[in-house]
Amino acid sequence: MKRAPSVPDRVSRRRLLAAGGALALGPLLAACGDGTDDDGTGDESARSAGDAADGGGPWSFKDDRGRTVRTDSEPKTLVAFVSTAAALHDYGIECKGVFGPTEPIEGKPNPQAGDLDVSKPTSLGTAWGRFNVEKYAALQPDLLISNMFPAPDLWHVPEESRKKIEALAPSVGISIARTSLLNPLRRTAELAESLGADLGAKKVTDAKARFDRATGTLREAAGASGGLKVLAVAGHADQLYVAVPDSYCDLNYFKDLGVEFVGGEKPDEWGFWEALSWENADLIMVDNRSTALPPKEPAEEPTWRQLPAVKAGRTTPWSMEERFSYAGFAPVIEQLAAAVKKSKQLDT
């Protein structure tokens, strides 16, 4: 798995941070066939959802690599990246195993786990590159699910053990890079439905309604912000990096809602990060994951403390690896809308 898009090279070589840094702002062999469509959104997925609703028969799902997974029956033993498992949990679909960060942050539940009780599924490893293949095999998995950042690699599935992992069960990948947030939200819902979720359940429709209200609120706040400039930053112990908004599906969508991000013209070779002048930001989004530096550490750095937005107390969490469900993103958007409303363009 390539690491360069997720973090600056220096951090990536150390394999310390899962997707960026610190400050911003899944022995049962199953058949797996390759699809021919490139967009991974063909009719196969819709048909599989209907089969699942009938409660029997073969199961299939075309993922965002254009690959169609086919099994003789609906997969029951699911293993997923933690935020993907959390999103499926929001639809009533439970995973037997998870991988990726689940540890508390400053005594509070890990935000990447959402409403998932992380004590229930088997953890295959929480750090980058740590995926216990023996534990995975012992679960006798039917399906492995993860996000892709970017495609075709499955997030947090180590390249060095990928062949062993892929031999144990088929996999599904949902693309979350260089696309609108609406796409992984829709695709995750489709996957959940194919696995037996009822998208018409009140909990699900209520979450979607809340999400729609939140997007309206953010659009209104952005429109009334007077040109407020927002910066999303990832960092390491000795340096900060600026995210390229179009490469991150959440920031991409927030732009569509009218949020103006500070952007530059010299991104890295992957197009995910760039160095910019932070002084131009009115509001800074701060990464809220366990792989991020604790907030108190940057606060001790003079350069950070002198940023106008920081001096004005205009920082807000960046849920960089939030679960891709409407229940997960509704409060995220509400929080950003509140921060935009509260902030006024800084005098420069």
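User: What should I know about the model before I start?

Analyst: It's predicted, so local features need pLDDT of at least 70 and side-chain atom pairs count only at pLDDT 80 or more, while totals for chains, interfaces and linings use all residues. Residues are numbered from 1 along each chain as its sequence is written, and side-chain values use heavy atoms, leaving out hydrogens and water.

User: How many residues does the largest nonpolar core have?

Analyst: General idea: in soluble globular proteins, nonpolar side chains tend to be buried together. A core here is a set of buried Ala, Val, Leu, Ile, Met, Phe, Trp, Tyr and Cys residues joined through side-chain atoms within 4.5 Å; buried is under 20% relative accessible area, exposed over 50%, partly exposed in between (1.4 Å probe, protein chains only). The largest one has 81 residues, with Y136 and F254 among those making the most contacts inside it.

User: And which salt bridge does R187 form?

Analyst: A salt bridge puts a side-chain nitrogen of Lys or Arg within 4 Å of a carboxyl oxygen of Asp or Glu, and the whole structure has 14. R187 pairs with E190, the closest N and O atoms being 2.6 Å apart. R187 is buried at 1% relative accessibility, whereas E190 is partly exposed at 24%.

User: What about D153 and R162?

Analyst: Their side chains meet in a salt bridge too, at 3.2 Å, N to O. D153 is buried, with a relative accessible area of 13%, and R162 is partly exposed at 30%.
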